[in-house]
Amino acid sequence: MRESLLYIDGQWTGSSDGQTFDIVNPSTEEVIAKGAWASKKDLDSALAAALKGFHAWRSVSPYDRSRLMRKAVAVLESRREDIARIMTLEQGKTLAEASGEMGVCIANLEWMAEEATRGYGRVLPERTANLRQHMIKQPIGPVAAFSPWNFPAQTPGRKIGGALAAGCSIILKPSEETPMTAAEIVRAFHDAGLPPGVLNLVHGHPAEISEHLIKSPIIRKISFTGSTAVGKGLLHLAADGVKRATMELGGHSPVVVFDDVDPVSAAKQAVAAKMRNAGQVCTSPTRFYVQDGIYKEFRDAFVEEARAIRIGDGMDPSTQMGPLANARRVAAMQAMVEDALDRHAKLLCGGKRIDRPGYYFEFTVLEDVPRNAKMKAEEPFGPMASIERFNDFEQVCRNANDTPYGLAAYALTDSASRAAAISEAFEAGVVAINNYSVSTPASPLGGVKDSGYGFEGGMEGLDAYLISKSVMHKLAGPL
Ligand code: NAD
């Protein structure tokens, strides 16, 4: 059986103590490969390699770094569809989505390769005669990065892109559920000629790895995408070493649908956005607040559209929504439905696991879910949406913000004034009006409140891996 290997100091290697874990296809529940389980010894080798790699890579000119990154981008482009197939096999999303994700990953890396040459400093005005002041940007140091299973290419790509563009080395720990896609991203850099140690890949026991890496004095920065609970734990570890952190955590996105839009096309667009990656997206639209005048039409069209979704194996081209990525999500969906119904929410469609092998769950729509229900209090992270009506602008703003999360928020309206007012009122890191696109290579993506801090993407995504150093230079004397 195929084994997904560790990549340390430019070499593909199994675990030093021979341990492995299973990688499962969520569409069939079959074990499709093994993953190498990094031992402490392997982690120490990765740390030593990252330190060596940092010293080598920081002294490569930004133009040469950019050139090498663009070479890796070309390799990825040539392998795009092959990697998409690996992604569908280990994660479950449809092939079309996997290929689309590869496109986004490539675009982000390409943009970051260009940004590598733009780590500008600043010349500051003199305060004292002959005292020249300027600020330079330098790479922060070796990075430990942790990426989840929902975007197996895009999230590793973002972390690798930012770190490498800035001149940092990186140890990436992808999710143990989707390590093979991450390995292909790493392989593209290897094949493009990245010096050994600059990029390293480890996996095994998440908590042991993160603790070991974050506690090491070699690591100067951490970047994590995943749940708020795990993120908070990693922040505690980072605080002990006063290490910089970028935290992309959970979300619970509201969608405010005003009565000046066509309810039927709005509902169709909403279902398409919600079913993406079976709802396992931190910016997935989840709580729909629909204005009174179009409530019934929107709700009925939303449910009709939801019922028509073709759910199945992501490898089948007719599939619109794949399975959930693991059994934990199925159990979480089931628990949220039961809890919502216990609290007198109404089930409009879906609500149960589909009776076949694989982690399939029906697209579920709930009406009038009370604020204390599990589904409202926790990130659903699955094919589940709530719908309720609103009348009053102030009230809908309060409801939309009534969550610890603050990642993405959406509004649908034809009115520029309503759009402006709600964009300002939303407590969110990103707002999308009349569409569900929340991130492009040039735009910084990050959250507020429990959704984390720091950014990926945009010039902020490069800055995340740079330090600012002020230099005060007293000129020696007259010429
Ligand atoms: P989880 O919290 O156990 O794991 C989330 C991710 O963090 C996984 O990739 C896991 O490998 C990693 N992880 C877990 N413990 C870690 C540790 N101590 N150190 C480093 N990495 C660690 O939960 P899960 O069951 O995989 O997912 C459940 C929840 O996670 C979802 O409900 C969702 O809220 C959240 N999640 C968020 C994102 C995101 O993009 N923000 C992605 C995946 C999962």
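Author: A polar contact is a pair of N or O atoms within 3.5 Å; within protein, one must be able to donate a hydrogen and the other to accept it, and sequence neighbours count only through two side-chain atoms. The model is predicted: local features need pLDDT of at least 70, side-chain atom pairs need 80 or more, and totals for chains, interfaces and linings use all residues. Residues are numbered from 1 along each chain as its sequence is written, and side-chain values use heavy atoms, without hydrogens or water.

Reader: How far is a polar side-chain atom of Ser-227 from an oxygen atom of the ligand?

Author: Look at the side chains first. Ser-210 has an N or O atom 2.7 Å from a ligand nitrogen. For the polar side-chain atom of Ser-227 and a ligand oxygen, the distance is 2.5 Å.

Reader: How much of the ligand's accessible area does the protein cover?

Author: Areas come from the Shrake-Rupley method with a 1.4 Å probe. On its own, the ligand has 790 Å² of accessible area, and the protein covers 83%.

Reader: Why does the ligand lie between two domains, and which are they?

Author: The shell holds 24 residues, each with a heavy atom within 4 Å of the ligand. Domain bounds come from an automatic or database assignment. Both domains give shell residues, so the ligand lies between domain 1 (2–249 + 447–470) and domain 2 (253–433).
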